[in-house]
Amino acid sequence: MLNSQGQGSTPCAACKLLRRRCAQECPFSPYFSPQEPQKFACVHKIFGASNVSKMLMEVPENQRADAASSLVYEANARIRDPVYGCMGAISALQQQAQALQAELNAVRMEINRYRQHENSPTNGTLTTTASATALVSGYQELVQDRGRASDTRSSKPSTTDVHTTVHSPSSTVATSESKDRTYWSPIT
């Protein structure tokens, strides 16, 4: 390879590695600079110099730089992963993209669930604060009724009182029914 003054300069990375004189029409010099000899060393180790030369000559001249950088990438990937090469990296990225897409879909579904819960009408059910208020007032009524009942009857409990505990996914509500009167209502 000649410099701007017509004198010989340092050979390209390919000619340096192959220990040959770098001619002016060297097919490697535009793509493998002498400052980065490891690039051609990897490509040469995986593909061989003559195969690289043939591949570069088959590609249109305006795409040769891209082809050379692609060969460097593929050679580095094959050195890192001799079995899968570039496909190992591509497969790992595809799996990561699928996992992230699944996570994104799950988050979107959860957001929609919260929005539906937020926008849904109460349909006669008590909200959390209203149900807490109802529980407290129901408990106060129950205590007052039991106090009055204990004054009028013996200390033996009546068989008409039914006490139940209702379990729902979000909370537990105690109810007390005496003579078909509900003091606490379950949260639905």
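This is a predicted model: local features need pLDDT of at least 70, side-chain atom pairs count only at pLDDT 80 or more; totals for chains, interfaces and linings use all residues.
Residues are numbered from 1 along each chain as its sequence is written, and side-chain values use heavy atoms, with hydrogens and water left out. Local features need pLDDT of at least 70 and side-chain atom pairs count only at pLDDT 80 or more, while totals for chains, interfaces and linings use all residues.

**Helix α4**

Helices are DSSP runs of H or I with at least four residues, numbered from the N terminus. Helix α4 spans residues 64–80. It has 17 residues and reaches 24 Å from its first C-alpha to its last. That is close to the 24 Å expected at 1.5 Å a residue; the expected span is 1.5 Å times one less than the number of residues.

Which residues of α4 are buried? They are R64, A67, A68, L71, V72, A75 and A77. Buried means under 20% relative accessible area, exposed over 50%, and partly exposed in between, with a 1.4 Å probe and protein chains only. The buried residues of α4 pack against α2, α3 (49–58) and α5 (86–119).

Two packed helices are described by the angle between their axes and the distance between the axes. Axes here are lines fitted to C-alpha atoms, for helices over the stretch in contact, and angles run from 0 to 180 degrees between N-to-C directions.

Helix α2 (residues 37–47) packs on α4 at an angle of about 70 degrees, with the axes 8 Å apart. That makes α2 roughly perpendicular to α4, a class that runs from 65 to 115 degrees. α2 passes α4 in a left-handed crossing: the near helix is turned anticlockwise from the far one by less than a right angle, whereas clockwise is right-handed.

On the α2 side, the contact holds K39, C42, V43, K45, I46 and F47. L71, V72, E74, A75, N76, R78 and I79 meet them from α4. Contact means heavy atoms within 4.5 Å. The residues of this contact divide into eight nonpolar, one polar and four charged. Ala, Val, Leu, Ile, Met, Phe, Trp, Tyr, Cys and Pro count as nonpolar, Asp, Glu, Lys and Arg as charged, and the others, Gly among them, as polar.

K45 lies in helix α2. K45 is exposed, with a relative accessible area of 63%.

**α3 against α4**

α3 and α4 pack at an angle of about 145 degrees, with their axes 9 Å apart. Their crossing is right-handed. V52, M55, L56 and M57 in α3 meet R64, A67, A68 and L71 in α4. By class, this contact has seven nonpolar, no polar and one charged residues.

Leaving aside residues up to four places away in sequence, L56 touches P27, F28, Y31, F32, R64, A67, A68 and L71.

**Pairs apart in sequence**

| Pair | Separation in sequence | C-alpha to C-alpha |
|---|---|---|
| L56 and L71 | 15 residues | 9.6 Å |
| K45 and N76 | 31 residues | 10.0 Å |
| P82 and I46 | 36 residues | 9.9 Å |

**Loop residues**

P82 is found in the loop between α4 and α5. P82 is exposed, at 57% relative accessible area.

R19 sits in the loop between α1 (13–18) and α2. R19 is exposed too, with a relative accessible area of 78%. Phi of R19 is near 55 degrees, a positive value in a residue other than glycine. Most residues other than glycine have a negative phi.

Terms used:
Helices (H or I, at least four residues) and strands (E, at least two) are DSSP runs, numbered from the N terminus. Angles under 35 degrees count as roughly parallel, over 145 as roughly antiparallel, 65 to 115 as roughly perpendicular and the rest as oblique.
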